[in-house]
Amino acid sequence: MTGLNPSIGLSALAAAQRGLEVVGHNMANAATPGYARQRVELAEARPESRQVGGQVGTGVRVLSVRRVVDRFAVERLRDATASAGYDAALASRLGELERLVADPSEAGLTASAGRFFAAAAELAARPDDSSTRLVFAAEADLLTERLRAVAGGLDGFVADVHAEVEAGVEEVRGLLERVAAVDAAIKEARVAGQQPNDLLDERDRLVSDLAERIGAQASEQTDGSLTVTAGGKLLLSSGRARPLGVEQAADGSSRIAVAGEPLSPGGRLGGLSAAQEEAGGLRADLDEFARGLMLAANGVHATGVPLGGPYTSLQSTVPVQDVNGSGSPLDDPLVAAGLPFPPGASEIVVNVTDFATGSITTTRVGFDPSRQGLGDLAAALDGVAGLRASAGADGILRLDADPGMGFDFAPRAGGSADAGGVLAGLGVGALFAGTGAADVRVADAVAADPSALAAGLSAGAGDGRNAARLAELQGQPLEALQGRSPQESVARMLGRVGAAARRARALSEGSELARGSLERAREEVSGVSVEEEVGAMIQYQRSFQAAARYLQVLHDLAGELMQMVG
Amino acid sequence: MRVSEQVRVGSGLSDLRNVERSLARLEEQVSTGQRIVRPSDDPGGAARVARLETMLRRVDTAERVAAGVRSDLEAEDAALQQLSSLLARARELGVQGASEALSATDRAALASEVDSLLGQALDLGNTRVDGRYLFAGTTTETKPFALEDVGGVTTPTYQGSDVSREVLLGPGQSIEHAAGPEPFAGGGGALDALVALRDALRADDTAAVGAGVEALDTALDRTTLALGTVGARMSELDAAADGFASEKVRIQGLLGELRDVDLSEAIVDLKAQQTAYERGLQVVAGVLKVSILDFVGRL
């Protein structure tokens, strides 16, 4: 009685139920990110071998439930996600850098530098006014404070980014472990003959996260396991993650390594590294500006005369070091004696004033720091009548005038007084102390008493010519700033950070757009459309109803036969 | 093309986000009135703005310095004018004293008047503005002129410096304070001449009184010369101040062009973007409202 066999109806019921199940699953996950819609694949069941007339099949079979995925769309999206991650991280971090360096307010670096030079010009006009002296000292202090703050901010920025890199690497490690776990589960399911659709979705999601974070790329091996690489280095293969580490280099930037090999990452971590690099470049620019300004300002200030007239006693503030290991710092040539600003060959003008008569004797002392040391300098200066000079084992130069005498290094006849910057290098009569942007400060003597400001080139309180030289530095090309003036140097920093931030922002907007359109391309294939699902649902509903009706008919026919028999 | 749920919601929202971004930027421009809020808005422009602002600050400083120098020069001018009329009065007294018709007592009376003029001249030489001595060269902190008694003879002394004060106005532009000690100090100066006249009158020495009058002439010449220089410096300063004022206008104009936003344009853009935003919201809301589920219930 093959004709009344209910198995065809039962197979139809089962297929419709399976179809409805999948529709339900799809609709439930319509909003799940990274979900790929699934589809029941049906086929007709084979007919039995011997039948009269012709073969009729035995119903419907559920072949499998498959994900609808376009491999290439997924891979393109993954690459776009990686570059969007890179650009977004870089843009947001550079925006931060920009606020740090290019503060447009009165407290910003540009305004501080401008006010410092303006204060110098006012000091030049009113050198005998104690309030202009105080204002100049205060502006100099503010400028150094700003330089230190920006330098500290940049260092803090790099450290902060490093912390984020560390957290990111930790995350990547976790993701790799999860990929390995999912890989194992997929293998198990396949061995059991199952199609692990949702596990495959999860693995795709994890790999996309990896791409966003470190620019990872993945390829499936023949055994179904995934190989993950980043920056050309293997991160995961045959279900085993390789050890990923991160260290801070000497300059504070982050170095990522996999199994000991340096890795240059893409994705967000790559963007963070690029931001660190930009910060490092700005930090170097800032240091160059600070050092150029210190060297030039100190050179001018050392060759001036303070409010009280010529010095009677003066000490260097930067000690020379015993570099050549002779046991004494005095014989080390000054170019290699551990000075933060090594001097060049110079001719130092020494004016000795006899206070009783007012007469001034000028002597020029030649000095070659490439072969002469502090001891030689002390001896040469000691040779000037009216001046006693000595250098101790502490590497400090001490200058004292004979009683009734005073000395200074001002170019009273014009020209330059210490072209090689020997006095500035030793910190004799300095305006700024320190070695760079991080530790620049107003020299102790000036900070303690603004009358120590050497505003003049002669003994008069109304002589502001040296302050005028300081003010003129603003627009003067300086060798230490590679031929740029201090004001140009600051403007250039501003332009640099602005251009970098602008570029990163534009790239980020572009790559986000690209990511979005590839996301849509993926969704077109794999996304869930409720309309479509509702259509499928109605179709399965109808086929379920039809199958039930078919079984009802079989049941009725069988009942009628039974009655006949009865 | 299949349109999935996520695309339907997502693409509408991402378009809205783009409009939101440009709205935020326009709002920032309109509220600050500036086109360049941060350097990345226009890196080249920002660097130029920084340069121009530095120049503007420099010109502001130069204007302040010039105003200070001008007030000094005005004080110098006033003091020299007074000195000049004082010397003219002394000369009259000298010419009277040289007349043979006068008695020794008359001359003594004239001498005491000249003595008081000498005191006034000394005070003028020691004129101070804001605590600075004007006629002392660069040693503005020491009182420059004094009358010393050297062996019973009154001797005017000068303690100041010979270096004339030089003031930096703009970059590479400096101006010298005009008046040095010359009208007062040394042989040929007012103080020496007045002392000589007074002592000659006291000594009742007509020949010496004549010499004193001649010395006064020299002093008057010097004073007039100094007045001329002060006047020339003042007009030099005025010319410089005019230059600063027009430079300032020029820089502010450039800054405005670079930095300021065209408000009417920005506001029109802002309105357009707002309209686009509202329309976008309506479209998204409308699309999301229509669903097949509203219809299948009736099947």
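Which residues does A:Phe409 touch, not counting residues up to four places away in sequence? The tour of this predicted model begins with that residue.

**First stop: A:Phe409**

Select A:Phe409 in the loop of chain A that runs between strand 15 (405-408) and helix 8 (422-426). Leaving aside residues up to four places away in sequence, A:Phe409 touches A:Ala302, A:Thr303, A:Ile348, A:Val349, A:Val350, A:Ala417, A:Asp418 and A:Leu423. A:Phe409 counts as buried because 25 C-beta neighbours lie inside 10 Å, and the cut-off for a buried residue is 20 or more.

**Second stop: the domains of chain A**

Colour chain A by its domains next. Domain 1 comprises 2-68 and 533-565, domain 2 comprises 89-158 and 289-487, and domain 3 covers 171-281. Taken over C-alpha atoms, the centres of domain 1 and domain 2 of chain A are separated by 94 Å.

Now select helix 2 (residues 71-101) and helix 5 (residues 197-214) of chain A. The axes of helix 2 and helix 5 of chain A come within 6 Å and cross at roughly 35°. The crossing of helix 2 of chain A with helix 5 of chain A is right-handed. On the side of helix 2 of chain A, the contact is made by A:Val74, A:Arg78, A:Thr81, A:Ala82 and A:Gly85. Helix 5 of chain A contributes A:Asp204, A:Val207, A:Ser208, A:Ala211, A:Glu212 and A:Arg213. The residues of this contact divide into 4 nonpolar, 3 polar and 4 charged.

Display both chains together. How many residues of chain B are in contact with chain A? The contact involves 47 residues of chain B and 49 residues of chain A. On the side of chain B, the elements giving two or more residues are helix 1 (5-32), helix 2 (43-98), strand 5 (166-170) and helix 7 (293-296). Helix 2 of chain B gives the most, with 15 residues. The side of chain B that touches chain A holds 18 nonpolar, 16 polar and 13 charged residues.

Select helix 1 of chain B, whose 28 residues reach 41 Å from first C-alpha to last, close to the 40 Å expected at 1.5 Å a residue. Its buried residues are B:Glu5, B:Gln6, B:Leu26 and B:Gln29. These buried residues pack against helix 11 (486-526) and helix 12 (530-565) of chain A, together with helix 6 of chain B. After helix 1 of chain B comes B:Gly33, with a positive phi near 75°.

Move on to helix 6 (residues 263-289) of chain B. The end C-alpha atoms of helix 6 of chain B are 39 Å apart, in agreement with the 39 Å that its 27 residues should span at 1.5 Å a residue. Of those 27 residues, the number buried is 0, so helix 6 of chain B lies largely in the open.

**Last stop: two aspartates of chain B**

Select B:Asp130, in the loop between strand 1 (128-129) and strand 2 (132-133) of chain B. The phi of B:Asp130 is positive, near 50°, in a residue other than glycine. B:Asp130 counts as partly exposed, with 13 C-beta neighbours inside 10 Å.

Finish at B:Asp204, in the loop between helix 4 (190-202) and helix 5 (206-259) of chain B. Here phi is near 60°, a positive value in a residue other than glycine. B:Asp204 is partly exposed, with 17 other C-beta atoms within 10 Å.

Conventions
Residues numbered from 1 in each chain as written. Chains lettered and ligands numbered in written order. Predicted model: local features only at pLDDT ≥ 70, side-chain atom pairs only at ≥ 80, totals over all residues. Helix = DSSP H or I, 4+ residues; strand = E, 2+ residues; numbered from the N terminus. Buried ≥ 20, exposed ≤ 12 C-beta atoms within 10 Å, placed from the backbone. Contact = placed C-beta atoms within 7 Å. Domains from an automatic or database assignment. Expected span 1.5 Å × (residues − 1). Nonpolar A, V, L, I, M, F, W, Y, C, P; charged D, E, K, R; others polar. Axes fitted to C-alpha atoms, helices over the stretch in contact; angles between N-to-C directions. Left-handed = near helix turned anticlockwise from the far one by under 90°.
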